[in-house]
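Subject: Structure handover

Dear colleague,

Here is the structure for your files. Please open it alongside this message.

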Amino acid sequence: MKRTVFLLLLNSLLGAMSSSADNLRESYIAVLSERDHFNSRGERLTNAAAIIRQDRANYHRLGKRDAGDEGDRFFADANNREALENLIKRGTSSKDALRAIIQGTPTIVVSVFEAGEGHDYVNVSVLDVGVEQAGDAELVESYMAVLSERDHLNSRGERLTDAAAIIRQDRANYHKLRKRDPGDEGDGYFADANNREALENLIKGGSSTKAALRAITKGTPAVLVQIFRTPAGTYFVNVSVMD
């Protein structure tokens, strides 16, 4: 899935890019599970950068990959993994995001920026719902979207006050009306109007946090929408708001 345009927009929205001349080199999503919080000697890690580095060592060197982990090329190089602490120090990740990594097992987006020789840096954003919270369900599809002001209005121009309705309007705008925001990704599932109609129930059946749904109704956030299928063949949707 092509996430480069979305992540450039996201970092712009969050004020994460220190210079408009900096280039997004690569990005990936990872689940920082409990095993990523321990080094090879079994000692608990207490630094966010060390935990992210261990996740990439687990992914690339040890083949210990969590459901939801995406691959990357940059940290396949052991030297780049060793430099991760300094790369994060040079970036602008929020203290809240780094604290959430130490205190829990969040799903994160890691963005590697190119800013000239010796000045590359990494920014980390936290998603508020992880793939691991889906239990035995299978991740069918996921996409990222920016819920702009027009996504908050229905076809009659009335303001929507429900998060699921706003997400549904975003997909109607994308698929039916071709009103697409910079950074919106496509999806196959909600190209079907019947699936869009079911979106409220799909979200009710998921585990999106109240804080995430509240952020959608009160603002214009960037979101990750994940569509899951249970072993029984039913579907549900989880929505995460980018930190």
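Below are the notes on the model, from the overall figures down to single residue pairs.

This is a predicted model, in which local features need pLDDT of at least 70 and side-chain atom pairs count only at pLDDT 80 or more, while totals for chains, interfaces and linings use all residues. Residues are numbered from 1 along each chain as its sequence is written, and side-chain values use heavy atoms, with hydrogens and water left out.

Overall figures

The protein has nine helices and six strands. Helices (H or I, at least four residues) and strands (E, at least two) are DSSP runs, numbered from the N terminus. Of the 243 residues, 49% are buried; buried means under 20% relative accessible area, exposed over 50%, and partly exposed in between (1.4 Å probe, protein chains only). The exposed surface comes to about 11900 Å², with 46% supplied by carbon and sulfur atoms. Accessible areas come from the Shrake-Rupley method with a 1.4 Å probe, and for residues only the protein chains shown count as cover. Among contacts (heavy atoms within 4.5 Å) with a separation of 6 or more, 66% are between residues 24 or more positions apart.

The sheet and its helices

Three strands make an open antiparallel sheet in the order S1-S2-S3; two strands pair if DSSP finds at least two bridges between them. Strand S1 (23-31) and strand S3 (121-127) are the edge strands, each with a single partner, so one side of each has no neighbour in the sheet. On average, neighbouring strands of this sheet are turned by 20 degrees against each other, direction ignored. Axes here are lines fitted to C-alpha atoms, for helices over the stretch in contact, and angles run from 0 to 180 degrees between N-to-C directions.

Seven bridges connect strand S2 (residues 107-114) with S3 in the antiparallel sense. One of the residue pairs is Phe113 with Tyr121, the latter in S3. Helix H2 (residues 48-62) packs on the sheet and touches S1, S2 and S3, its direction making about 80 degrees with that of S1. Helix H5 (residues 95-103) lies across S2 and S3, at about 70 degrees to S3.

Salt bridges

Side chains of opposite charge can pair when their charged atoms come close. The structure holds 17 salt bridges, each defined as a side-chain nitrogen of Lys or Arg within 4 Å of a carboxyl oxygen of Asp or Glu. One of them joins Glu85 and Arg53 (3.3 Å, N to O). This pair links distant parts of the chain, with Glu85 in helix H4 (residues 84-89) and Arg53 in helix H2, 32 residues apart. Arg53 is partly exposed, at 26% relative accessibility.

Another salt bridge is formed by Glu158 and Arg156, whose closest N and O atoms are 3.0 Å apart. Glu158 is partly exposed at 40%, whereas Arg156 is exposed at 63%. Asp170 and Arg171 also meet in a salt bridge (2.8 Å, N to O), and both residues are buried. Salt bridges with shared partners join Arg53, Glu82 and Glu85 into one network.

A loop residue

Where does Thr230 lie? Thr230 is in the loop between strand S5 (222-229) and strand S6 (235-241). The side chains of Thr230 and Thr234 are joined by a polar contact of 2.7 Å. A polar contact is a pair of N or O atoms within 3.5 Å; within protein, one must be able to donate a hydrogen and the other to accept it, and residues adjacent in sequence count only if both atoms are side-chain atoms. Apart from its neighbours within four places in sequence, Thr230 is in contact with Ala137 and Phe236.

Regards
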